[in-house]
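Subject: Structure for your review

Dear colleague,

Please find below the structure that I am handing over to you. My findings follow it, and I would ask you to read them with the structure in view.

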Amino acid sequence: MTRRWPGWHRRGVLLGLLLMATATPLIAQDNAEADDPWGDEAWGEDPWAEEQTGWQWYGFIEGATATRIHDDPAVGDDYTLNEARLQLEAERALGDYTATIKGDVWIDGVEDGVRGDLREAALAGRLTDRIDINVGRQILTWGTGDLVFLNDLFPKDYVSFFSGRDDEYLKAPADALKLSWFGDVNVDVVWMPRAAPNRYITGERLSYFSVVEGRRVAAPPTIDPRERDSVGRDSEFALRVYQTIDGVEYAGYAYHGYDNQPSAVDPSTGEAYFPRLSSLGASLRRPILGGIGNLETAYYAGEDHGGKDPNLPNDQWRFLAGYENEPAPDFTLGWQYLLEWTRDHDALVNNLPASQRRYAPDEYRHLLTNRITWQLLRQDLTLSLFTFYSPSDADYYLRPRAIYRFSDQLTGTAGGNLFGGKDDWTFHTQLEDNSNVYLRLRYSF
Amino acid sequence: MKHLLTLTCLIVAGLAASTAAAQMTNPVQIVEEANIASYYAGEDGRSAARMLIVDGNDNRQRRQFTLLRKDVADGGDQRYLVVFSRPADIRGTVFRVEKHVGEADDRWLYLPALDLVKRIAAGDKRTSFVGSHFFYEDISGRGTEEDEHSLIDTTDEYYVIESTPKDPDQVEFARYRTWIDRETMLPMRTEYQRASGEVYRRMEVTEVETIDGYPTGTEARMEDLDSGGYTVTQFRFSEYDVGLPDRIFSERSLRNPPRDWLRRD
């Protein structure tokens, strides 16, 4: 799939932007339909209109560029993102079922070449009056956090998230069978026949802190952990039990699978791998004080009982409390507090080589987040700022963003991913040299 | 209980029919009947809707959605499910509302690209509904108890009601006038005024059809007189008393919209 065409792909991005520029007159033309302002398609595209036959097609083309705001000595590239992307989605109703195929193809100016990603290829529908099924490649989400995940252990793509792509790319697809049962309580069961890890930082696009080298590094070498891709043997299971009673949403969660990050090291080979991870958790979400409040907790149990093995992550308790309200029209404010409590912390520190002790996570990691969203011009313009701040790590991550809808088809987004902090090795500070500002232009059809 | 409710509805409907011909003089009663006529026709309803949003510079946007509604009590709580089909970037978005009269609504939004069920703070109901010139409150109704109402004129065709907010800090208008059709009890025109008396926002129902026995506004226009922008909303394929079950107003329908009930007959 990936081929090197030096120089050409950068022009490819320009080509994408040009394509969009040429598409804009079409919109102007659309406006000129004075006789029938609704356009001739009228009500036709309403998917409920009648029994559909054949595939319905949707998609977008997007040009995106994100430039580092300072030089990264570990990565030679000035860009974290430079791409022209086509997403195509095909949907077809088959009785009570819907088949969806969604795929992206893009010319990548950072990883040099043409890339592809199949994001959805699934069949979803009603198995019985009480049971829904979704089988195939799909995006899965649950839990109450806002960009903070406790019981949602489905794959994330932090590389896309940090490098300037749209929020939708934070969720990576998983090959899964999801069965949902609806009754006095509702139950979701998800089986992923092979482990679905995160798209973690490998050093190819973004630099990170290496505890072995004691500094920020990038590829080569890339992080190349042992795969968990044996179908059946590397299965993961996720469960959610939930119900809403008088506007209060209660949920319980369980997970049995593998850590989504290659967080363990095999001491005999030095190879990274995805250790076993099981979790149990619960959440509650309800209206309170004129806004929405949420509480969530999860216990992560790994392979390292007693926490003595420095090559394995320790067990953790996580707690989240959040609140969001709208203090003024079209202006929302959200706050979250997250605690990550590493169990057996003394054992962890005592068993680390002396040179690495300073890099050990704090026993209590506190994280505060704030989201400000302000919609203007009748929602054509959305200004937002999402802030992560950890007082215990003394680091931060800012996500300012402006989205403007030029039309139903054309949307422009400008924003940044700004990292910083005191110590080079903390979660957000290690990404400091990847701080970027980005610009995206998307034409939807 | 259900029979009692049905009976009450019948009596209310009967009263409405008998009083429509006669002249009404109680403004609160007029406003309450207009509210029922506009937002509570039948026990439930289904309608396809589309919006043409035109700003002051003649830029046009569209929205298209199917709306399912079920009344918990006539003039009281309601359940809504709004499934968007256009434009491309919001296709598949589903909006679910548990409307509570006298207290904050429960609202959820489903974003398909992230498979995310987002709960939305009740917030201000006088903000744009999906980027249009209509407010949330124009779509689902403004609580009749939130304003003081007075009958300022009765013409051959209309009752003209002037309403002033009980809590002026919660709204952007100083007062509004509504022209309610004496025959159908539908509000045909509403004009929102500033304190100076200047009209800055106007809603007009431009098309009425009788569907399943209920007079229904099938086209409405909301104008922002400051900017010159406006939104036209059309309702088509409307049906009442379709027998929507309670269970479809649930999280299940966000991820997997209830096809059987969304499909037009």
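In this predicted model, 40 residues of chain A are in contact with 39 residues of chain B. On the side of chain A that touches chain B, the elements that give two or more residues are β14 (276-288), β15 (291-301) and β16 (316-328) of chain A. Of these, β16(A) gives the most, with three residues. By residue type, that side of chain A divides into 15 nonpolar, eleven polar and 14 charged residues.

I turn next to chain B as a whole. Chain B contains five helices and 13 strands. Its radius of gyration is 18 Å, close to the 18 Å that the globule rule gives for 265 residues, so chain B is as compact as a globular protein of that length. Taken along the principal axes, the C-alpha atoms of chain B fill a box of roughly 50 × 50 × 30 Å. Of the 265 residues in chain B, 35% count as buried. Among the contacts in chain B between residues at least 6 apart in sequence, 46% join residues at least 24 apart.

Helix α2 of chain B covers residues 27-39, which is 13 residues. From its first C-alpha to its last, α2(B) reaches 18 Å, close to the 18 Å expected at 1.5 Å a residue. Which residues of α2(B) are buried? They are I30(B), V31(B), E33(B), A34(B), I36(B) and A37(B).

Yours sincerely

Conventions:
Residues numbered from 1 in each chain as written. Chains lettered and ligands numbered in written order. Predicted model: local features only at pLDDT ≥ 70, side-chain atom pairs only at ≥ 80, totals over all residues. Contact = placed C-beta atoms within 7 Å. Helix = DSSP H or I, 4+ residues; strand = E, 2+ residues; numbered from the N terminus. Nonpolar A, V, L, I, M, F, W, Y, C, P; charged D, E, K, R; others polar. Rg over C-alpha atoms; globule rule 2.2 N^0.38 Å. Buried ≥ 20, exposed ≤ 12 C-beta atoms within 10 Å, placed from the backbone. Expected span 1.5 Å × (residues − 1).
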